Protein chains: 2
Amino acid sequence: MRTAVFYHAGCPVCLGAEQMVADAIDHSKYQVEIVHLGENSDHIGDAETAGVKSVPALVLNNQVFHINFGASLEDLK
Amino acid sequence: MRTAVFYHAGCPVCLGAEQMVADAIDHSKYQVEIVHLGENSDHIGDAETAGVKSVPALVLNNQVFHINFGASLEDLK
């Protein structure tokens, strides 16, 4: 089982993308982990290391997909 | 079966996102249609109507998700 990490910050744009991720990702292949960077700012470093520049973002197999634009990671620090 | 439409233009950013869409979308729920707007510019109008501003983009249940940024729709006209 591979892991898909969805980073968000609770913003409206994030919520729409979260629904998409929850609904459309193949859960037989991916275990989806959802990280709220607003509430867990200690994970911002992990997100940056993975290449995340803004939220919402989905990291699949070390590839980052920025989905629409909610907030810059810089603004969450 | 719902339809997911993935619009792209063959750009490198598009190809990465296309792989993600092909691999990670739950194909038991969604029939994925892939539209290459560079080769099928007559579909640019449909994409615009759906709310697509740039490619790659994924339209699920009338919601548009712009995934990273490859090219503006304006530049494909």
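The following legends describe close-up views of a predicted model.

**View 1. The interface between chain A and chain B.** In this predicted model, 19 residues of chain A are in contact with 19 residues of chain B. Between the two chains, 11 residue pairs are in polar contact, with both partners at pLDDT 80 or more.

**View 2. The side of chain A that touches chain B, by element and class.** Across the interface of chain A and chain B, 4 salt bridges are found. On chain A, the elements α1 (12-24), β3 (54-60) and β4 (63-72) each contribute at least two residues to the side that touches chain B. Strand β4(A) gives the most to this side of chain A, namely 6 residues. Classified by residue type, the side of chain A that touches chain B comprises 10 nonpolar, 5 polar and 4 charged residues.

**View 3. The salt bridge between Arg2(A) and Asp23(B).** Arg2(A) of chain A is paired with Asp23(B) of chain B in a salt bridge. The closest N and O atoms of Arg2(A) and Asp23(B) lie 3.5 Å apart.

**View 4. Gln63(B) in strand β4 of chain B.** Gln63(B) belongs to strand β4 of chain B, which covers residues 63-72. The relative accessible area of Gln63(B) is 36%, so this residue is classed as partly exposed. When residues up to four places away in sequence are not counted, Gln63(B) touches Gly16(A) and Leu58(B).

**View 5. His36(B) in strand β2 of chain B.** His36(B) is located in strand β2 of chain B, which spans residues 30-36. His36(B) counts as buried because its relative accessibility is 18%, and the limit for this class is under 20%. The side chain of His36(B) reaches the backbone nitrogen of Glu39(B) at a distance of 3.1 Å. Apart from neighbours within four places in sequence, the residues in contact with His36(B) are His8(B), Ala9(B) and Gly10(B).

Notes
Residues numbered from 1 in each chain as written. Chains lettered and ligands numbered in written order. Predicted model: local features only at pLDDT ≥ 70, side-chain atom pairs only at ≥ 80, totals over all residues. Heavy atoms only, no water. Helix = DSSP H or I, 4+ residues; strand = E, 2+ residues; numbered from the N terminus. Buried < 20%, exposed > 50% of the residue type's maximum accessible area, 1.4 Å probe, protein only. Contact = heavy atoms within 4.5 Å. Salt bridge = Lys/Arg side-chain N within 4 Å of Asp/Glu carboxyl O. Polar contact = N/O pair within 3.5 Å; in protein donor to acceptor, adjacent residues only side chain to side chain. Nonpolar A, V, L, I, M, F, W, Y, C, P; charged D, E, K, R; others polar.
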